[in-house]
Each structure stands twice: as structure tokens, then as C-alpha cells.
Amino acid sequence: MNALINDIEVIKTKTTKINDVDFDHLSFGKTFSDHMLECDYKDGKWQAPKVVPYAPITLDPSAKIFHYGQSVFEGMKAYKDEDDNVLLFRPLDNFKRLNISSKRLAIPELPEAYFMEGLKALLKVDSDWIPKKDGSSLYIRPFVFATGKGFHASPADEYKFIICTAPSGAYFAGKVKVLIEEKYSRSANGGVGFAKAGGNYAGQFYPTQLAIEKGYQQVIWTDDNTHEYIEEAGAMNIFVRINNTLITGPTSDRILDGITRKSIIELAKTEGINVEVRKISVSEVVEAAKNGSLKEMFGAGTAAVISPIAGFGYKDEDFDLPELENTYASSLKKRITDIQTNKVEDPFGWRYNV
Ligand code: PLP
Ligand code: COI
């Protein structure tokens, strides 16, 4: 799909909201920038994308998103360096993954130019919304959903692609305690776990609420078949450090192919860290916690970057992780955010100057 795109129409807001925002105290994903990109699929093709003022949208009550959950999304971040260059991190990987997700949900795939040029046009209009403070960024949420009408349980004939953005601070404040899940699953073989489908997250909320009631913040998802293998941490990929080896599970039908995950694997290797991509059993982690060889566990994803895990619960037992001074989590987080924000060289070609 190589549809080209001419100039993107930009309809600017008459009143900016930017003066109401306290950029020194940003929470995550609660304040929205002035504009959004909007693009409709109808008559069998994607129509020209437009930048428009951020505003509510009107949908027919029979729109298939409400009934059959045809919706996929992405999560990305924009940063500004010291010279006010606007930077993205591996944005083509997000574009490709959005289409992988769309295909699985029978949603028409987007042309690359609509995504990339649309995103660039949006960032140009709202560049003042990109925070410069360390630890803050402009969180970008591209999403596609079914607007086509009807109760027939079949793919819609109309869709909307929107990108909206939110100046954001940290996703989690501090370390999190997690519960290893023994009953519920977020995904299954042949299912949609590898896609960023909205419904995957809805299905996680109830088990996560149960974990929160027990005093944990997140669930560690295990394989749906046996619940013996660790797969993901909430909406993040998971890494476990046993002695000096960093281990993460292989991607599959059930696990999202995270951009942070694959970047960390490469970065860790260049730092001389021994990395293994293989299945991690719960019993191996419990055993390592008991004999002291479990040094770190952390989640990895765009929103949270790297989120260290303080301890985990499993079968009514709690295990604490040691408080180390120099962790892989902190050195890898510094390296990846320094690359993202243009503080260090990027030998991988991951940084994308807008
Ligand atoms: N796993 C799940 C289920 C996610 O929702 C995310 C978030 O995007 C990730 C992993 C991490 O992926 P990425 O690093 O590409 O943001
Ligand atoms: C991200 O890390 O960007 C995600 O999409 C996770 C999200 C559910 C906040």
C-alpha cells in the first residue's frame, strides 16, 4: 500500500488550552493537546487525513465498535531535545504493528504515508505540547475503530483512524508489586494477544482489580494452558534477571512484540549483559527468589519505559526482590531514554527526527 499524500489539510483550533496545563506536574494521559488527526475509511478506501481541533466525536449507536469491539491502537512518544528538535522512537515499527493488529481484527490496513505524514503534520501543529522536562514526553495514541453501522456480526464497512496526543509524566510512580496469575489469561494460542486490540485490555481489568484488592498493582500473565510460564506484566513485556542473566519470553500468538522489549534485548547485548530469550517458568522464578539468585524483575513498554518490580505474590506467598544499588533496569532505562531524547549517539538508527 503505497498511497501517496499531498499536503494534509489543517484546521486549527480558535482557542488553545495550553495555558491551562502545568507542564511541571504532568500525570499520564489525562490532558489532551489542541489537535488530533482524523481519517475515515468509506467507499472501500481510506479518505484524506486531516488535522482538526481535538473534540468529541459522534457515532451511531449501532456502530460496530460498540457491539463487536473492532478496535486497535498503538502507543508512542514524542520528545524534544535541547535544540527543540522533535524526535520519535522507531515509529515505523508502530505503524507496521498497527496494521498487523488491524489485519487480525479484519480492519482495513492503513497506507504508511497516511500514518507517518499525518503524525508529522499533527506534531508540527502541536509541537508546543511536547514537554521537555526529564521523564515527560508527548504520549501519542493512534487508534482505528469500526464506525460502520449494523448488528450483523461481521466486519464494518466504515472505520475511523485518529491520532491524539497527551503531554504525560510517568506511568507508574515507583516500584510495583505484582501477582502471578493462576486462573485468568489475557491471551491464548490462535487468539489476539499479539495484537494491540482494545478488548485485550478490557479482559485484563477484572483480574487486575482482584489483584489490586489483594494489595498488588499489576498482574503477571502466565500461559493460558498451564499457567506455568511467565508471559507479560500488565500491559508490558517482562524481564527477569537471574544472577547476571537477563531473560525474557519469546514472542508468540499470545505475547505482544514490544518495541521497548526488542530494543532492550539489543541494548543489553551491547552492554555485555548475557541475554536469553526463552520460556521462563514460574517455578524457576520462585526457586530463584528462594535461593537469592533472583536479582531483578521489570516490565518494559512505551508508556512505562522500564518499571522495576519490588516483589511478587504467588499461591498466597509473597516474595521480595533485593534492593540493589546498580540495577540493569536503571542502566538500561537511562540508555534507552538518552537515545530517545538525543542525549547520546544512536548507533542503531532508532531515533527519528520529525
Ligand atoms: N505488552 C502489551 C500487552 C502492551 O500493551 C504493551 C504496550 O504497548 C507492551 C507489551 C509493550 O510494547 P511497546 O514496548 O511496543 O510499547
Ligand atoms: C504503551 O505502553 O504505550 C501501551 O500501549 C500500554 C497502555 C495500555 C498504556
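Predicted model: local features only at pLDDT ≥ 70, side-chain atom pairs only at ≥ 80, totals over all residues.
K262 pairs up with D93 in a salt bridge, with 2.9 Å between the closest N and O atoms. D93 falls within the range of domain 1 (9–168), and K262 within that of domain 2 (176–340). Across the interface of the two domains, the rule picks out one salt bridge.

So much for the single pair; now for the interface as a whole. The protein splits into domain 1 (9–168) and domain 2 (176–340). On the contact itself, domain 1 puts in 20 residues and domain 2 puts in 22. Taken over C-alpha atoms, the centres of domain 1 and domain 2 sit 27 Å apart. How big an interface is often gets quoted as the accessible area lost when the parts come together. For domain 1 and domain 2, the buried area comes to about 1,700 Å². Carbon and sulfur atoms give 61% of that area.

Where does the largest pocket lie? Residues from both domain 1 (9–168) and domain 2 (176–340) line the largest pocket, so it lies between them. The lining of the largest pocket runs to 42 residues, and F73, R141, Y171, Y201 and A235 are the ones nearest its centre. The strands β5 (71–73), β8 (137–146), β9 (159–168), β13 (236–242) and β17 (294–301) each bring at least two residues to the lining of the largest pocket. The helices α4 (198–213) and α5 (259–270) likewise supply at least two residues each. Sorted by class, the lining of the largest pocket holds 22 nonpolar residues, 14 polar ones and six charged ones.

Next comes the second largest pocket, which holds about 670 Å³ of space. There are 33 residues around the second largest pocket, with D134, G135, S136, K333 and T337 lying nearest its centre. Each of domain 1 (9–168) and domain 2 (176–340) gives at least three residues to the lining of the second largest pocket. Three elements, β6 (76–80), β18 (305–314) and α7 (328–340), each hand over at least two residues. Which element has the largest share of the lining of the second largest pocket? That would be α7, with six residues. As for class, the lining of the second largest pocket is made up of 12 nonpolar, 11 polar and 10 charged residues.

Searching the whole structure turns up one cavity of 30 Å³ or more. The largest cavity has about 130 Å³ of space in it. Its lining counts 13 residues, of which Y79, F89, T260, T302 and Q340 are nearest the centre. Helices α5 and α7 and strand β6 each provide at least two residues of the lining of the largest cavity. Of the elements, β6 gives the most, at three residues. The class tally for the largest cavity is six nonpolar, six polar and one charged. And why is the largest cavity placed between the domains? Both domain 1 (9–168) and domain 2 (176–340) contribute residues to the lining of the largest cavity, which means that it lies between them.

How values were computed:
Residues numbered from 1 in each chain as written. Chains lettered and ligands numbered in written order. Heavy atoms only, no water. 1 Å grid on protein atoms, 1.4 Å probe; cavity = no way out; pocket = protein on both sides within 12 Å on 5 of 7 lines; lining within 4 Å. Helix = DSSP H or I, 4+ residues; strand = E, 2+ residues; numbered from the N terminus. Nonpolar A, V, L, I, M, F, W, Y, C, P; charged D, E, K, R; others polar. Domains from an automatic or database assignment. Points joined across faces, edges and corners; volume = space filled by probe spheres on them. Contact = heavy atoms within 4.5 Å. Buried area = accessible area lost by both parts, 1.4 Å probe. Salt bridge = Lys/Arg side-chain N within 4 Å of Asp/Glu carboxyl O.
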